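Dear colleague,

Please find the structure below, handed over for your reference.

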Amino acid sequence: MAVASRDKPPLHVAVTGSSGMIGSSVVERLRAAGHRVSAIVRRPAASGEVSWNPDEGQLDPKDLEGVQAVVHLAGENIGGRWTPTRKARIQASRVLGTRLLSRTLASLSAPPAVLISASAVGIYGDRGDELLSENSPPGDASHDFFARLGQEWEAAADAAREAGIRVVHPRFGLVLSPVGGALGKMLLPFRLGIGGRLGSGSQWMSWISIADATDALIHLLVTEELQGPVNVTAPEPVRNRDFTRMLGRVLSRPTLFPVPASALRLVFGQMADSALLASTRVIPSRLLASGFHFTHPQLEAALRHVLRRPLG
């Protein structure tokens, strides 16, 4: 899809999480299209950057004056065993950062037109075979860490919403990239021929290629009628056993070593049930209705593209 309409002038876009897997792809695409990008970073700012410290509540409003759009992707990596300390870091990195950014943008004399503030399909919780759209209610926040996190994460942008800024929450599924994320961690065992389904393998996985995820973010940036939650997932979610089988096929490797749910819980604790074994069958209703075109709507083509494997 096109990054922006030719009749629209370049934008000044500020981006948090600009060095991450998705953020770096978005920054590259924006700059290639002629937009000005200011990375919001946690270290001392270099030329053209903005420094912030969400933990200390530090973000100087004057550094964001003149910014026309903001893409907020920063957040602690969710991988690894979830200890109480790690869960607190995951939550604080998303909620405190979003709240600080939202309030700062709301205080500007000329706020940006749009804030794209990341979220995730984990907000729906473990829903079995239920088909989930943006109109589906979130999961049970009292029992599901991901569901609670997602709701607090999105609510942290309320100050921007109340200031009249168009706020969009891209609810990401599993983003397929060989350089990071869940797929990056899967590649070594699968290439060694020791990959396999997780638990029963019946849980639904909602996924999207890194190229489509990047295009979707740009689409959200320039599509003025979109606001609120937007599922950023491919239109064809798959069960874990089918994802496993397809990844093995693309890599030309066997997938004969299933990982029992008990082993996952032993290694990852609560994360196993919330992230690895949970079933979330999501469809991108609002993206499709707004005219977004997926380059990789089907899993095999997406995996072959990101892994540079020719069609068999």
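This is a predicted model: local features need pLDDT of at least 70, side-chain atom pairs count only at pLDDT 80 or more; totals for chains, interfaces and linings use all residues.

**Aromatic pairs and charges over rings**

F145 is buried, with a relative accessible area of 3%.

Together with W82, F145 and F146 make up one aromatic cluster. K87 is placed over the face of F145, 5.1 Å from the ring centre. Across the whole structure, a search finds four aromatic pairs. Another of these is formed by F292 and F294, which are edge-to-face, with 4.9 Å from centre to centre and 90° between the planes. Both F292 and F294 are buried. A further charge over a ring involves R94, whose charged end sits over W153 at 5.0 Å from the ring centre.

**Nonpolar cores**

The largest nonpolar core has 51 residues. Those with the most contacts inside this core are F172, L176, L183, F243 and L247. Helix α6 (residues 210–222) gives the most to the core, contributing seven residues. When residues up to four places away in sequence are not counted, L247 touches L183, M186, F190, L303 and L307. There is also a second, separate core of 18 residues, which includes I40, V67, L101 and V167.

**Salt bridges**

The count of salt bridges comes to 14. One of them joins the side chains of R86 and E76, at 3.1 Å from N to O. R86 belongs to helix α2 (residues 84–106), whereas E76 lies in the loop between β5 (69–72) and α2, so the pair ties together parts that are 10 residues apart in sequence. R86 is buried, with a relative accessible area of 13%, while E76 counts as partly exposed at 25%. E76, R86 and R89 are linked in a network of salt bridges.

A salt bridge also connects the side chains of D273 and R265, at 2.9 Å from N to O. D273 is partly exposed, with a relative accessible area of 35%, and R265 is partly exposed as well, at 39%.

In helix α11 (residues 299–306), E300 and R304 are four residues apart, a separation of about one helical turn. These two residues form a salt bridge in which the closest N and O atoms are 3.0 Å apart. R304 counts as buried, at 9% relative accessibility.

With kind regards

Technical notes
Residues are numbered from 1 along each chain as its sequence is written. Side-chain values use heavy atoms; hydrogens and water are left out. Rings of Phe, Tyr and Trp (its six-membered ring) pair if their centres lie within 6.5 Å; planes under 30 degrees apart count as stacked, over 60 as edge-to-face and the rest as tilted. Buried means under 20% relative accessible area, exposed over 50%, partly exposed in between (1.4 Å probe, protein chains only). A charge sits over a ring if NZ of Lys or CZ of Arg is within 6 Å of the ring centre and within 35 degrees of the ring normal. A nonpolar core is a set of buried Ala, Val, Leu, Ile, Met, Phe, Trp, Tyr and Cys residues joined through side-chain atoms within 4.5 Å. Helices (H or I, at least four residues) and strands (E, at least two) are DSSP runs, numbered from the N terminus. Contact means heavy atoms within 4.5 Å. A salt bridge is a side-chain nitrogen of Lys or Arg within 4 Å of a carboxyl oxygen of Asp or Glu.
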